[in-house]
Amino acid sequence: MIRLQRVTKRFGSASEALSNVSLRVDPGAMAFITGPSGAGKSTLLRLIAGLERPTRGRIRVNGHDLDRLSNRAIPGFRRSIGLVFQDHRLLFDRPVFDNVALPLEILAYRRPEMRKRVRAALDKVGLLHKEGVNPRTLSAGEQQRVGIARAIVHRPVLLLADEPTGNLDPALSREILQLFDDFNRVGMTALIASHDLGLVERMGKPVLHLEDGRIEARAAAGAPA
Amino acid sequence: MKPGRRLQDTVPAWLEAHRDAARRSLQRRLQAPVLSLISIAVLGFILALPAYLWVLLDNARALSAHVDHDPRIALYLDGVEAATVADLERHLETDARVERWIWIDADEALARYREGLADPGLLDWLDENPLPDVVDVIPATADPETVAALREALAATVPGATVVSDDDWVRQLNSLHQLGLRILSVVGALLGLGALLILALATASELRERREEIAISRISGATHRFLRRPSLYGGVMTGLGGGIFAGILLLIGIGLSRAPLEQAAAAFDLEFGLSLPGATHLLALLLAGLLLGWLGARLGSGHALRDAP
């Protein structure tokens with residue numbers, strides 16, 4: 001599903017955000033990326049989502065060579081991915097339902113099918129009863145779950161999450177990671193960045209550790225290519 | 001084809017997407033009514049000015065039909081034989097370009113001249129009447145080319161006569177009208193360009209307000225076309241509103257300037273009525289607004305989305 005070969009990313013003339021990173025995540029797998037802030041976790045996820053282009057190296061995601069993907073082909077590629085952010089990035093000018101429906105609107109789904117899928121996604125994260133409220137009125141944990149519902153509503157083949165538990169207490173964090181595990185069980189490949197090593201290790205999934213833009217070999221490492 | 005999608009859903013889904021974009025754009029405008037109305041007003045003013053000038057010009061051209069100074073062709077029949085005069089009369093009767101004609105007898109002309117003099121006795125010094133018979137021809141149209149052609153035809157019928165036409169003023173009026181149209185098109189083009197830039201700026205700033213939504217939509221795979229769709233609908237709405245407002249302004253403007261213009265015309269002994277623009281012209285104004293709105297939104301969104309992350 002994801003394959004990085006000797007990928008380097010440099011922003012301007014600054015030092016390398018990622019140096020020579022190679023990794024592989026198989027279809028249907030679930031893996032974690034850990035590391036301190038500034039280690040390059042977000043950059044790695046942004047490269048995989050096609051939000052950044054690598055300075056050097058090859059990235060292949062879901063059959064697309066991202067370093068060769070034309071600008072016109074990028075929207076199509078992004079529709080096969082779900083992204084979860086630490087800060088949720090919800091739109092406060094519309095209710096929860098419309099936030100979750102956004103990817104389906106982009107995919108031009110018809111109303112009845114859209115309603116069905118949005119409600120299914122909200123049900124999955126336990127917020128079906130909140131579909132009409134403004135996300136501003138929700139708690140941090142609920143907002144994060146709305147963000148997750150939005151990321152999975154169009155049933156992407158790949159789910160990428162950048163510190164999805166960053167602002168949550170341990171109990172809520174476990175709940176969120178359990179949700180990802182559930183999605184993974186129904187076939188969604190998932191790659192989750194988190195600095196919370198203890199939490200990650202309890203999930204019993206492959207872990208890649210990033211330090212200063214480099215993959216560090218660890219006991220529970222995933223599958224470096 | 002996306003999973004769970006059927007072919008027969010594609011067109012209705014596309015229509016629904018457009019309806020949603022239009023609805024969202026309308027909602028955005030209703031949420032900030034003052035700003036939306038300012039945009040509409042600016043466009044309305046910009047459209048109304050050249051439209052008003054055009055109506056004045058158009059009416060000024062119609063003025064030539066009302067002026068008591070139709071182009072005339074005078075034939076001075078000095079020493080022309082009676083047979084030729086008969087030919088001329090036949091020609092004048094049959095030529096459709098002739099509205100009417102007046103025969104001014106030389107003696108009659110002299111008598112009239114005598115009446116105008118302070119001392120009629122002066123003319124008794126003359127041995128004979130120096131005035132020729134004159135035929136005053138009033139053409140059916142003021143069109144300079146037709147008048148010129150008629151003049152040549154008449155000159156050919158009466159080879160000995162001196163033919164004088166006073167259609168110069170028609171040519172002058174016509175060239176003034178042409179000049180007016182040229183100035184109007186330059187003013188219109190400049191104002192249109194200004195309106196386009198204002199609308200483009202308004203669209204760009206609206207997209208800046210939507211930047212979080214745009215960023216999230218981009219990440220979810222939205223295309224440029226999808227992202228600019230609400231802006232284009234917004235542009236069309238502003239354009240239509242501007243067109244309607246311009247139409248109202250135009251009607252008010254004409255209503256207000258009618259009486260003073262007619263008074264001024266009367267002072268010059270002119271019969272002049274300012275006529276209201278017809279439905280076609282108001283529709284053209286609406287279409288101009290619509291086109292400017294759409295183009296401005298297209299320009300602004302193209303620029304803003306290219307620069308967006």
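Domain bounds, as used below, come from an automatic or database domain assignment, and the model to which they are applied is a predicted one.

**Exercise 1.** State which residues form domain 1 and domain 2 of chain A, and describe the side of domain 1 that touches domain 2.

*Solution.* Begin with the bounds: domain 1 of chain A takes in 1-80 + 156-225, while domain 2 covers 88-155. Next comes the separation, for the C-alpha centres of these two domains lie 23 Å apart. With contact taken as C-beta atoms within 7 Å, ten residues of domain 1 of chain A are in contact with eleven residues of domain 2 of chain A. On the domain 1 side, helix α6 (residues 170-185) of chain A gives the largest share, four residues, and by class that side has eight nonpolar residues, one polar and one charged.

**Exercise 2.** Determine how many residues of chain A are in contact with chain B, and which helix of chain A supplies the largest share.

*Solution.* The count comes first: 18 residues of chain A are in contact with 19 residues of chain B. At least two residues of the chain A side are supplied by each of α2 (74-78), α3 (96-106) and α4 (111-124) of chain A, and the largest share, four residues, belongs to α3(A). Sorted by class, this side of chain A holds ten nonpolar, seven charged and one polar residue.

**Exercise 3.** Explain why helix α1 of chain A is described as largely enclosed.

*Solution.* Of the eight residues of α1 (residues 41-48) of chain A, six are buried, so the helix is largely enclosed by the rest of the structure. The buried residues are A:Lys41, A:Thr43, A:Leu44, A:Leu45, A:Leu47 and A:Ile48. Just after α1(A), A:Gly50 adopts a positive phi of about 75°.

Conventions:
Residues numbered from 1 in each chain as written. Chains lettered and ligands numbered in written order. Predicted model: local features only at pLDDT ≥ 70, side-chain atom pairs only at ≥ 80, totals over all residues. Contact = placed C-beta atoms within 7 Å. Nonpolar A, V, L, I, M, F, W, Y, C, P; charged D, E, K, R; others polar. Buried ≥ 20, exposed ≤ 12 C-beta atoms within 10 Å, placed from the backbone.
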